[in-house]
Amino acid sequence: MEQLSFFDDRRQNMPLASRLRPDSLEEFVGQQHLIGPGKILRQLIERDQISSMIFWGPPGVGKTTLARIIAKKTKSAFVEFSAVTSGIREVKEVMKKAEENRRIGIRTLLFADEIHRFNKAQQDAFLPYVEKGSIVLVGATTENPSFEINSALLSRCKVFVLKALSEEDLTGLLRHAIESPKGLGDMEVTVEEEILSAIARFANGDGRTALNTLEMAVLNGKTDENGAVLVDEEVLEQCTNRRSLLYDKNGEEHYNLISALHKSMRNSDPDAAVYYLCRMLDGGEDPLYIARRLVRFASEDVGMADSQALQIAVAAYQACHFLGMPECDVHLTHAVVYLSMAAKSNALYRACEACKKDVRQMPAEPVPLHLCNAPTSLMKDLHYGEGYQYAHDTEEKLTAMECMPESLKGRRYYYPTSQGREKLVRERLQQITEWKRSRGK
């Protein structure tokens, strides 16, 4: 637990990320949807109308820093609290001090880092003090507050969602770090823009990671006789152990590699598919992005030929979500090899595209009345549901009832292939079609 006044400044002998911690909203990087001019949180801060709130977002996006800025801007005592090191006794001690401050006109902003780690008793201990206004609680969490924070406490807090920093935000932060006297401004450091972009991609939205990586690269950079430091690709590779760090997740190579992965699986080439998968992972690609593409592939290129493929792909996505890198690489490999070796059919994709074309180009006809439910007497009087045939009442579990709108009678979208298990679906559909035709449909 740490308690500081709003004018404390401890910048000496700190890591780069700590030295560069901004002191004002103008210096703060990112979150413009919350603190940009005219945005809700900025207005609350500038009007000094802050109330208890939860900051929900990924690591390294400025949750702690923003809380400190709010405390400074509103002239509040800042108390930082951690679920890892604090119990109910410490909560009560802080609340007692906060109540004393309130009586002499000093507001206390209590910052609860990783509030999702506080147990129910700890969270409940905050409630009476939040309600009385003894403190302004600012909780920070990387987890969904709906599931991790007591509903009684959550109902008394405004939730603000903080977003991962963009690559543009991060490169700007890195340039500032090189130029600022609080950062590396007292050194002569040369870093090409491409290297800064690579560090930003590596950080994956985390400002702290970006600054720590830059600091390590500068400390291990190539120094000439005048003390000037050069950070090049070789230095960066040594500091990050990422040979393909310059892989651009938004550039041409990104699209080339995902295309190669997709087409290798479509061509039933598991070796090439695994190769392109590993290329993307080695370059820092988000495994969840790859997993999403595999889920799409499972229906677009495999489809009913092997419906198990979709289950495998979804399971791989969930495994990536649970574990992350590096452990989830084998789960992605599992899915890629399965999809490569599965029987292929694009009949579902073709059916979907053909139907979308009709939906866009043809009038939106009303649903045939015999397919509509009739929960009220008026709807029954208007013939809703009249003529509906219940398939389960027949021995074949089939009826000759028309389900298409009038203008689309007889239209077909799904043409199953004879690949894999879709061959059985094709045979079944042919039997159904012949049965209906024999009954005049």
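Contact, in this talk, means heavy atoms within 4.5 Å.

Before that, some ground rules. This is a predicted model, in which local features need pLDDT of at least 70, side-chain atom pairs count only at pLDDT 80 or more, and totals for chains, interfaces and linings use all residues. Residues are numbered from 1 along each chain as its sequence is written, and side-chain values use heavy atoms, with hydrogens and water left out.

Helices (H or I, at least four residues) and strands (E, at least two) are DSSP runs, numbered from the N terminus. Take helix α14, residues 270–282, and helix α17, residues 329–341: their axes come within 9 Å and cross at roughly 150°. An axis here is a line fitted to C-alpha atoms, for helices over the stretch in contact, and angles run from 0 to 180 degrees between N-to-C directions. The crossing angle makes α14 roughly antiparallel to α17, a label for angles over 145 degrees.

Which residues of α14 meet α17? They are Pro270, Ala273, Val274, Leu277 and Leu281. On the α17 side, the partners are Asp329, Leu332, Thr333, Val336, Val337, Ser340 and Met341. The residues of this contact divide into nine nonpolar, two polar and one charged. Nonpolar covers Ala, Val, Leu, Ile, Met, Phe, Trp, Tyr, Cys and Pro; charged covers Asp, Glu, Lys and Arg; the others, Gly among them, are polar.

Now the salt bridges. A salt bridge is a side-chain nitrogen of Lys or Arg within 4 Å of a carboxyl oxygen of Asp or Glu. The whole structure has 19 of them.

One joins Asp232 and Lys222, with the closest N and O atoms 2.6 Å apart. Asp232 lies in the loop between β9 (229–231) and α12 (233–240), and Lys222 in strand β8 (residues 222–223), so the bridge ties together parts 10 residues apart in sequence. Is Asp232 buried or exposed? Asp232 is buried, at 19% relative accessible area, while Lys222 is partly exposed at 37%. Buried means under 20%, exposed over 50%, and partly exposed in between, using a 1.4 Å probe and protein chains only.

Another bridge pairs Arg266 with Asp301, again with 2.6 Å between the closest N and O atoms. Arg266 is in helix α13 (residues 252–266) and Asp301 in helix α15 (residues 287–302), 35 residues apart. Arg266 is partly exposed at 38%, and Asp301 is buried at 7%.

Notes
Angles under 35 degrees count as roughly parallel, over 145 as roughly antiparallel, 65 to 115 as roughly perpendicular and the rest as oblique.
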